[in-house]
Amino acid sequence: MSAPVIKVTISSVLPFSPISSFTWRISRALSFNLAKAPIRKMTTNVPEKQAVIYYQQNGGPDVLKYTFDYPVPTITANEILVKNKYAGVNYIETYFRKGIYPTTFPFIPGREAAGEVVAIGKDVANYNIGDKVAYIGTKNFAQFTTLDSKKTTIINLGKDASDEQLKLYAASLIQGLTALTFIDEAYKVKEDDFILVTAAAGGVGLILDQLIGKIRGGHVIAVASSDEKLAKAKENGAEFLLNSSKLSYDEIADEILKITHGKGVQATFDSVGKDTFEMDLKVVARKGTIVSFGNASGTVEPLLINRLSPKNVKVLRPQLYGYISEADEFKYYSKSLFDLIDSGKLKIDIYKVYPLKEYKEATIEMEARKTTGKIVLEIPQ
């Protein structure tokens, strides 16, 4: 007797077949169990290869490569596959590329993105095909990214999120959450506080300007490298403007002390790093807080802790993930961020949307400090 024919029709591309309707001929003795397959459901538009940005060694922007021939990752039983639509560009990517932070090669950059779920592992219960998501993860300067469905830093937006929302959420997750958590947990900004913000026209800077100046009622002292950038900071809530291309950091410190009548600022939010840390120590008030969170000019030199004693100063080197690692923390802050964006109370300034293939040009411009606000990559579909 011939073996029975079992016809199986699926709505997806299985990882081992290019067709969506096919026939399996199996014998009665065959023990393969379809229930054990890792993929529960998949859309029909997942190719075997994808477009990505990657690099194979540390260095400058020249090490960045763009290819259409990178394998699409496969998912496990608890993972989802996201087809990315937009990805946010963050300065931290330069730290990995330069070797300041360790990497393994080949390395795909990217920390935040938004897109659509196109495949689901068999044990995934909280996502459906077609759900739109915004997430903090890795390897998202690519068309497709796998995510652990149990990961806390994914927001399920449902099926109705607009293209504009996906763009704004991809542009704001890391920088928006950084600003929100820092003004609550690194130093809780209060009304009438004087706060120093360096790189005040950058992505985090413009959000800090708004949150501190417009929402919390503080006085933002903005430092940036051009009058154009300072004008942008003022539009977003900065009150006092200091140009680091026209004044030395010692001169800026003197101006800050004049503004604060010699008392100094209650807190500094400093993403520049090495070049501005001595200024921070000079201008921070008694019992004040230095929040150092970036290395744009290099890493801060080792600090003798007794230098903090004369003014009882607190110094933090926080990172976002230390504030949102628990599910309830991420849910609270991400909801707060999206509510502010959707209500129009917080504006996300998108400097430019680059095609994925032009990331090299985008980071060159960013690293030269020629940009303001946020750079976003649009991923080919």
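Q: How do the residues of the lining of the largest pocket divide into nonpolar, polar and charged?
A: This is a predicted model. The lining divides into 23 nonpolar, 15 polar and 6 charged residues.

Q: What volume does the largest pocket have?
A: About 1000 Å³. The lining counts 44 residues, and the closest to the pocket centre are Tyr-91, Tyr-95, Val-204, Ser-271 and Phe-293.

Q: Which helices and strands each supply at least two residues of that lining?
A: α1 (92–98), α2 (163–186), α3 (203–215), β12 (219–224) and β18 (374–378). The largest share, 4 residues, comes from α2.

Q: And which domains does the lining draw at least three residues from?
A: Domain 1 (49–174 + 323–337 + 344–378) and domain 2 (187–317) each contribute at least three.

Q: OK, on to α4. Which residues are buried there?
A: Lys-229, Leu-230 and Ala-233, in a helix that runs over residues 227–235. These three cover an arc of only 100° around the axis, so they sit on the same side of α4.

Q: What do the buried residues pack against?
A: They pack against α3, β12 and β13 (240–243). Of these, α3 and β12 also supply residues to the pocket lining.

Q: Which residues are exposed on the other side of α4?
A: Glu-228, Lys-234 and Glu-235.

Q: What happens just after α4?
A: Gly-237 takes a positive phi there, about 125°.

Methods: Residues are numbered from 1 along each chain as its sequence is written. This is a predicted model: local features need pLDDT of at least 70, side-chain atom pairs count only at pLDDT 80 or more; totals for chains, interfaces and linings use all residues. Side-chain values use heavy atoms; hydrogens and water are left out. On a 1 Å grid over the protein atoms alone, a cavity is a set of points where a 1.4 Å probe fits but cannot get out, and a pocket is an open set with protein on both sides within 12 Å along at least five of seven lines; lining residues have an atom within 4 Å of a point. Grid points are joined across faces, edges and corners, and a volume is the space filled by probe spheres set on the points. Ala, Val, Leu, Ile, Met, Phe, Trp, Tyr, Cys and Pro count as nonpolar, Asp, Glu, Lys and Arg as charged, and the others, Gly among them, as polar. Domain bounds come from an automatic or database domain assignment. Buried means under 20% relative accessible area, exposed over 50%, partly exposed in between (1.4 Å probe, protein chains only). The arc is that of the directions from the helix axis to the C-beta atoms. Contact means heavy atoms within 4.5 Å.
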